[in-house]
Amino acid sequence: MVYTNTMAAGAYRGYGATQGIFALESAVNELAERLGMDPVGLRDKNMVREGMRMPAYYDEMANACALDRCMEHCRRMFRWEEKYPVRDMGNGKVRTAGVAMAMQGSGISGVDVGSATVRLNEDGGYQLLIGAADMGTGCDTILAQMVAECMECDVEDVAVFGADTDASPYDSGSYASSTTYITGKAVEKACADLKKRICAIAAGMLECGTEEVVFEKGRVRRVDTQQAVSLADIAYRTQAGSMQTAEASATHSSPVSPPPYMVGMVEIELDRLTGQVTILDYMAVVDCGIPINPALARIQAEGGIVQGIGHTLMEDVHYDHRGCPIESSFLQYKIPTRLDMGRLRVEFEHSYEPTGPFGAKSIGEIVINTPAPAIAHAIYRATGVWHRQLPITPEQIALSQNTEEE
């Protein structure tokens, strides 16, 4: 083991898949150029579709796949046929477009584990205990929404206690796009068990069998007599003279990892004199199953796309002769800001994943995967040069053009 500050690489959103998709999608775009085909048409002929078995993806079945609809939606909204041709804007600047599509995963099949505990409070609200850490993805909100949906209450009635290794139920971690899909299913299971426990306690209070009561918003009702007890009364009963608890825990792991899908199209303006690339328009359409929280899903997608643009065009690390990073602050290490982004649009095509909570798949990592190959494709269209390493800086573009001319 060697301690070093000059590490070759580190964990980064979507790591592994991001590099692989950059290589694969660039190869597809190059193939389309050699064949003289529209790259969208080439993908239409070869993409995976719902109901197909995927031999290269652990032989899993594509039970929920809207990739074909994502491509058509993106093509139409982006106006691909209009923006794809290379257009000379004068003064050495050209505009053109590039495309890429991607798939990722929803957790690591047979490895990732999620757990949740749901407890009825004295006031009729709920506590949700999870071991998954919210890293800015909004999982606390999403998992609370699941409890609210299952238990027929408002999100405000659910108090979330996040990851604390001293008290939280076991969770293998918030990584590999697993939290909504894996931990969400554990929440769904725990809520189903808690409903049964609450109905059993209420049946005892109403002096009837559990099959004679129904769970309703804020109460449990006896069907034949219409008598009812509130959740607050049920919670109080469990704390005095009762051997039953209004609490349930569940653990979930999945033998499959249903992939989300995404299509991205980008329009750039490239200055052939300086090599400067300006992002004019980025259109993305994502299939993440049923979005649990569409606003958070959109923010995830927008953030991932801007991250992808950053490592494609700007972000790089160099070391001096002493091993110290030259880009030691944001003055030198450039990341895209809102001023560097043109128009950014994200839309969704829904599919229903039967193994996910409420039909959901993941979205956390896939959204970073299409910018690199799409931008590299657009740069090739503008310059005639394929770039196979990232970042693609203005210096590299200008140098490659000079080399090509020579």
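Cys199 counts as buried, at 13% relative accessibility; buried here means under 20% relative accessible area, exposed means over 50%, and partly exposed is what lies in between (1.4 Å probe, protein chains only). Before going on, a word on the source: this is a predicted model, where local features need pLDDT of at least 70, side-chain atom pairs count only at pLDDT 80 or more, and totals for chains, interfaces and linings use all residues. Residues are numbered from 1 along each chain as its sequence is written, and side-chain values use heavy atoms, with hydrogens and water left out.

Back to the cysteines. How many disulfides does the structure hold? The count is zero, with a disulfide taken as a pair of cysteine sulfur atoms within 2.5 Å. Cys199 is in no disulfide, as the nearest cysteine sulfur, that of Cys208, sits 9.8 Å away.

Most residues other than glycine have a negative phi, and most peptide bonds are trans. Have a look at Tyr58, then: phi is positive there, about 55 degrees, although Tyr58 is not a glycine. Asp59 also has a positive phi, near 60 degrees, and is likewise a residue other than glycine. Where do you find Tyr58? Tyr58 is in the loop between strand E1 (53–54) and strand E2 (60–61), and Asp59 is found in the loop between E1 and E2 too. Helices (H or I, at least four residues) and strands (E, at least two) are DSSP runs, numbered from the N terminus. Tyr58 counts as exposed at 68% relative accessibility, while Asp59, at 42%, counts as partly exposed.

The peptide bond to look for is the one joining Leu390 and Pro391, which is cis, with omega about 0 degrees. Pro391 has its place in the loop between helix H9 (371–383) and helix H10 (394–405).

On to the charged side chains. Side chains of opposite charge can pair when their charged atoms come close. The structure holds 24 salt bridges, each being a side-chain nitrogen of Lys or Arg within 4 Å of a carboxyl oxygen of Asp or Glu.

Start with Glu349 and Arg69, whose side chains meet in a salt bridge at 3.0 Å, N to O. This pair links distant parts of the chain, 280 residues apart: Glu349 is in the loop between strand E14 (343–348) and H9, and Arg69 is in helix H3 (residues 67–78). Glu349 is buried at a relative accessible area of 17%, whereas Arg69 is partly exposed at 35%.

Glu267 and Arg87 make another salt bridge, at 3.2 Å, N to O. Again the pair links distant parts of the chain, here 180 residues apart, with Glu267 in strand E12 (residues 261–271) and Arg87 in strand E3 (residues 87–90). Glu267 counts as buried at 8% relative accessibility, and Arg87 counts as partly exposed at 24%. Which residues join these two in a network? Salt bridges that share partners bring Lys83, Asp281 and Arg345 together with Arg87 and Glu267 in one network.

One more pair: the side chains of Glu216 and Arg219 meet in a salt bridge at 2.9 Å, N to O. Arg219 is partly exposed, with a relative accessible area of 33%.
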